[in-house]
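My notes follow the structure.

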Amino acid sequence: MTSAALNHNPDSQNDSTGYNFAYLDEQTKRMIRRCLLKAVAVPGYQVPFGGREMPLPYGWGTGGMQVTATIIGQDDVLKVIDQGADDTTNAVSIRRFFARTAGVATTESTREASVIQTRHRIPETPLSHGQILVYQVPIPDPLRFIEPRETETRKMHALQEYGVMHVKLYEDIARFGHIATTYAYPVKVNGHYVMDPSPIPKFDNPKMHGNPALQLFGAGREKRIYAIPPFTRVESLDFEDHPFEIQGWDQACEFCGSDHSFLDEVVTDDEGGRIFICSDTDYCNQRFETGARQEAV
Amino acid sequence: MTNAAMAMTEEGLAEPLLKVNDLRKLYAPGKGVDGVDFELWPGEVLGIVGESGSGKTTLLQCLSGMLTPDSGQIEYTGKQGDKLDIYKITESQRRLLLRTDWGIVHQHPRDGLRMGVSAGANIGERLMAIGERHYGTLRSTGEAWLREVEIDTARIDDLPRTFSGGMQQRLQIARNLVTQPRLVFMDEPTGGLDVSVQARLLDMLRNLVVDLGLSVVLVTHDLAVARLLSHQLMVMRGGKVVEQGLTDQILDDPQHPYSQLLVSSVLTP
């Protein structure tokens with residue numbers, strides 16, 4: 001983790017690639033670490049940082065990668081997931097990127113990982129104290145949809161003028177009869193800042209509350225970092241008569257039989273055939289291997 | 001002190017709601033507001049008339065906390081009788097005041113409404129901003145206010161852009177009045193509306209002002225609107241107040257040459 005990163009000799013280069021350890025130069029890492037400290041000190045507050053060019057386009061995880069590159073040390077074990085899966089293009093590429101530029105060990109197991117970079121999911125396996133979850137964020141400001149001026153949204157955050165967030169939820173109920181926002185569901189962190197949890201499904205919102213792991217959010221294009229320290233209060237916004245609810249499925253996972261994880265619908269043929277499978281591949285594999293299904297039967 | 005003010009004093013409301021002292025905001029000599037004093041009492045409607053560029057809108061912006069004046073004080077008496085100097089209190093207090101105790105009706109409804117969300121959400125926004133978290137309550141309040149401003153309640157989920165100009169203006173008024181403000185600033189509320197719609201809007205406004213006991217600062221260039229709504233009138237020219245007094249008095253017997261010119265310029269069909 002960071003202790004290892006700080007002990008790392010800044011002058012040593014990775015011999016095989018010619019890059020500095022974990023791609024970013026040490027000055028940049030120091031700058032980002034300062035921002036991270038500020039972000040952790042003020043939970044949910046968006047800290048601007050000097051985002052660097054990364055060797056992949058904005059929108060592919062540049063923010064998350066800069067945070068990961070900054071906090072990762074030689075002893076860390078990295079896991080990267082994209083929509084819960086370890087084996088999709090984005091996850092494979094980013095994992096390989098750090099394996100090459102930092103030479104760190106990588107894993108697909110949530111338990112073994114010390115740093116997990118994620119896009120759109122929080123792993124089903126509960127995280128433990130000492131782990132760090134790094135989110136890739138496209139649009140960090142939850143107020144942006146209703147107030148395009150940055151100067152104004154900063155003021156609204158500072159003065160906690162969050163009435164407009166409920167305007168959005170009101171519109172949902174007025175139009176669809178229920179709160180139809182299913183991802184990037186706004187949360188209030190530590191009783192002050194309203195935060196966009198990045199496009200995770202609202203299914204994962206309760207996992208952010210009081211999580212023992214440190215959660216860091218990096219937005220590369222918008223150049224913002226924010227954080228939820230371990231064991232922080234995180235509440236999803238709602239109405240008294242329309243309380244926050246997470247999604248549920250009538251089906252269970254086709255592979256592991258899980259009836260309590262986030263399921264993806266997969267179309268299997270052109271005759272209406274479809275199955276539901278866990279979006280978290282590591283969790284699904286674990287359950288499959290331990291024969292959860294046989295026990296259940 | 002005016003008769004209206006005297007009456008208020010007798011009822012025990014011995015404090016003016018708004019006290020403006022030597023307010024100055026100049027963009028250039030003669031451009032802006034150049035030393036304005038007045039007092040606004042609870043339940044009173046103050047009309048500000050004058051030609052374009054006379055400083056009416058600048059004055060309104062200074063009063064409503066949107067434009068910091070160069071000098072002068074604006075003192076507002078809060079609900080608990082506390083004296084608030086509008087530009088000395090914190091920005092957070094000022095913005096809270098703007099969302100709760102005050103209302104601002106813009107000339108163009110587009111400036112005052114959220115065009116991207118439904119009429120109901122527009123009315124509910126201020127309530128949600130001060131902590132209302134019950135959808136059913138928001139909904140029924142929205143419907144009640146639509147009825148109050150004579151908009152069909154079936155249109156509660158429609159976007160304001162599908163409304164006519166007059167309806168948009170009425171929606172804007174409802175959106176402002178929902179938190180039961182004590183002071184409302186209006187900048188040409190009937191500008192850009194045709195005469196029959198204007199008449200209905202004015203009629204509605206007059207009723208609301210009386211029913212809710214609102215204090216209003218009304219900027220207009222239409223003397224007929226001023227005569228209909230306001231108790232007190234201020235005539236402005238070149239940033240200065242040239243004449244100030246009871247509306248009927250000024251319109252029937254203008255003393256200052258400019259007021260005389262203004263009154264004699266009104267077209268009568």
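Which residues point one way from β3(B), and which the other way? I find B:Val45, B:Gly47 and B:Val49 on one side and B:Leu46, B:Ile48 and B:Gly50 on the other, and all are buried (under 20% relative accessible area, with a 1.4 Å probe and protein chains only).

I note that this is a predicted model, where local features need pLDDT of at least 70, side-chain atom pairs count only at pLDDT 80 or more, and totals for chains, interfaces and linings use all residues. Residues are numbered from 1 along each chain as written, chains are lettered from A and ligands numbered from 1 in written order, and side-chain values use heavy atoms, without hydrogens and water.

**Strand entry.** β3 covers residues 45–50 of chain B. Strands are DSSP E runs of at least two residues, helices H or I runs of at least four, numbered from the N terminus. I looked up its partners; pairing takes at least two DSSP bridges. Four bridges join β3(B) to parallel β8(B), residues 215–219. There B:Gly47 stands opposite B:Leu218. β9(B), residues 232–237, pairs with β3(B) over five bridges, also in the parallel sense. B:Gly50 faces B:Met236 in that strand.

**Helix entry.** I then checked α7 (residues 165–177) and α8 (residues 195–212) of chain B: their axes come within 10 Å and cross at roughly 10°. The two are therefore roughly parallel (angles under 35 degrees). Their crossing is right-handed. Contact (heavy atoms within 4.5 Å) involves residues including B:Ile173 of α7(B) and B:Met204 of α8(B). I list eight nonpolar, two polar and two charged residues in this contact.

Technical notes. Axes are lines fitted to C-alpha atoms, for helices over the stretch in contact, and angles run from 0 to 180 degrees between N-to-C directions. Angles under 35 degrees count as roughly parallel, over 145 as roughly antiparallel, 65 to 115 as roughly perpendicular and the rest as oblique. A crossing is left-handed if the near helix is turned anticlockwise from the far one by less than a right angle, and right-handed if clockwise. Ala, Val, Leu, Ile, Met, Phe, Trp, Tyr, Cys and Pro count as nonpolar, Asp, Glu, Lys and Arg as charged, and the others, Gly among them, as polar. Buried means under 20% relative accessible area, exposed over 50%, partly exposed in between (1.4 Å probe, protein chains only).
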